[in-house]
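Here is a short report on one protein model. Please look over the sequence and the structure before reading on.

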Amino acid sequence: MAEPGVVEPDSDRRWRLRHLPLLLTASAALAVVAAVVGAVTGGATAAVGAAAGVGVTVLSYTLTTVVLARADQVNPQLLLPLGVGLYVLKFSLLGGVLVAVASTGWAGLIPLCLGIAAGVAVWTAVHIWWLTTVHARRAHG
């Protein structure tokens with residue numbers, strides 16, 4: 001028997017994806033806000049950069065969530081190697097993209113970075129909220 005609030009390993013494997021619609025909705029709202037703030041503070045280039053930054057975060061986190069949820073269904077022992085591999089791959093790609101964009105002198109680089117940071121903050125906050133409220137209620141009863 002599991003501890004209170006802990007989901008048994010095989011009881012409901014789909015719970016790992018239930019939060020995605022909420023996270024994607026929150027991220028879409030953030031992208032709109034980021035674009036508006038970017039447009040007001042720095043024009044069209046900043047708007048595109050800020051919204052694209054949020055998009056980079058959403059793409060990265062969604063990929064991780066889907067791949068790891070699928071890996072857990074196939075074989076839970078795949079979670080650690082796939083998780084670490086995705087982490088290394090994503091940060092290598094992100095670093096490469098940021099270096100490439102910086103080398104162009106594009107004026108949207110700072111808004112892009114701020115959009116990435118805002119995307120991480122909002123995704124993480126909404127995910128924590130979902131786990132501590134929605135998921136916790138489902139796990140308890």
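Leaving aside its neighbours within four places in sequence, which residues is Thr64 in contact with?

## Thr64 and its contacts

The model is predicted. Beyond its neighbours within four places in sequence, Thr64 is in contact with Leu86 and Lys90. Thr64 itself is found in helix H1.

Is Thr64 buried or exposed? Its relative accessibility is 18%, so Thr64 counts as buried. The cut-off for buried is under 20%.

## The largest nonpolar core

The largest nonpolar core has 10 residues. H1 gives the most, with eight residues.

Not counting residues up to four places away in sequence, Leu23 touches Trp123, Val126 and His127. In soluble globular proteins, nonpolar side chains tend to be buried together.

## Two aromatic pairs

How many aromatic pairs does the structure hold? There are two. One joins Tyr61 and Trp123, with ring centres 5.4 Å apart and planes at 80°, so this pair is edge-to-face. Tyr61 lies in helix H1 and Trp123 in helix H3, so the pair ties together parts that are 62 residues apart in sequence. Tyr61 is partly exposed, at a relative accessible area of 23%. Trp123 has 4% relative accessibility and counts as buried.

Tyr87 and Phe91 form an aromatic pair that is tilted. Here the distance is 4.7 Å centre to centre, with 45° between the planes. Tyr87 and Phe91 are four residues apart in helix H2, so about one helical turn separates them.

## A nonpolar patch on the surface

Which residues form a nonpolar patch on the surface? The patch is made of Leu80, Val84, Tyr87, Val88 and Phe91. Together they have about 540 Å² of accessible area.

Tyr87 and Phe91, the tilted pair, both belong to this patch. Tyr87 has 52% relative accessibility and counts as exposed, because the cut-off for exposed is over 50%. Phe91 has 48%, so Phe91 counts as partly exposed. Phe91 lies in helix H2, which covers residues 79–104.

Methods. Residues numbered from 1 in each chain as written. Predicted model: local features only at pLDDT ≥ 70, side-chain atom pairs only at ≥ 80, totals over all residues. Heavy atoms only, no water. Patch = residues over 30% accessible without salt bridge, like charges linked within 9 Å, V, L, I, M, F, W, Y side chains within 5 Å. Areas by Shrake-Rupley, 256 points an atom, 1.4 Å probe, with all protein chains shown as cover. Salt bridge = Lys/Arg side-chain N within 4 Å of Asp/Glu carboxyl O. Helix = DSSP H or I, 4+ residues; strand = E, 2+ residues; numbered from the N terminus. Core = buried A, V, L, I, M, F, W, Y, C linked by side-chain atoms within 4.5 Å. Buried < 20%, exposed > 50% of the residue type's maximum accessible area, 1.4 Å probe, protein only. Contact = heavy atoms within 4.5 Å. Phe/Tyr/Trp six-rings, centres within 6.5 Å; stacked < 30°, edge-to-face > 60°.
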